[in-house]
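Hello,

Here is the structure I promised to pass on. My notes on it follow just below.

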Amino acid sequence: MEDHEKWMHKAMQYAQEALCRGEVPVGCILVYQNHQELATGGNVVNETRNATGHAEMVALQRVMTWCDEQGRDHGDVFRDVVLYVTVEPCIMCAAALRQVGIPLVVFGCNNERFGGCGSILNIASDGLTSLGPGYDIIRGVLAEEAVLLLKQFYKGENPHAPQDKRKIKPASS
């Protein structure tokens, strides 16, 4: 568990960076063969105006680029990778993780609205073999810290939201 916390602390740094950029504070790190930081990611949805810019998708793309540059097979590399992510992967990301063959996902807090690792659907281990092999999950590592970052983001207004969709917050007395 000590290693899981070490890597999750690093993922929290990427979540904090995402928060500073006005993104939903989710960060992740892909660790290769239990010791090498292979790729990292933080949400870039608002920055890129691309709904697929989730931290996990950013990191997966970086691994694929690294594999291409190194002449490595994506599947071989992904089979030796552990994903550490601050928030439970959404359904889209959970399916992508399964398709690339990651064997273990360690996450902080549950994603009660969009979670794909048990909160809404369990993409990680359901019977959809067409997605590829299932993967193991370890949940709750630094969950409180992850929730605090999310609360920090959601107490503010999203400056990237269209003007007519922005929340009008009542003035506090």
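A residue is called buried under 20% relative accessible area, exposed over 50% and partly exposed in between (1.4 Å probe, protein chains only). This is a predicted model, where local features need pLDDT of at least 70, side-chain atom pairs count only at pLDDT 80 or more, and totals for chains, interfaces and linings use all residues. Residues are numbered from 1 along each chain as its sequence is written, and side-chain values use heavy atoms, with hydrogens and water left out.

Let me begin with backbone angles. Most residues other than glycine have a negative phi. Arg49 has a positive phi, near 55°, and sits in the loop between helix H2 (45-48) and helix H3 (55-70); helices here are DSSP runs of H or I with at least four residues, and strands are E runs of at least two, numbered from the N terminus. Arg49 is exposed because its relative accessible area is 63%. Leu142 also has a positive phi, near 60°, and lies in the loop between strand S5 (136-139) and H6. Leu142 counts as buried, since its relative accessibility is 11%.

Now for the aromatic rings. Phe153 and Tyr154 pair edge-to-face, at 4.9 Å centre to centre and 85° between the planes (centres must lie within 6.5 Å; planes under 30 degrees apart are stacked, over 60 edge-to-face, the rest tilted). Phe153 is buried at 11% relative accessible area, whereas Tyr154, at 46%, is partly exposed.

Finally, Glu145 belongs to helix H6 and is partly exposed, at 36% relative accessibility.

Best wishes

Note on methods
Phe/Tyr/Trp six-rings, centres within 6.5 Å; stacked < 30°, edge-to-face > 60°.
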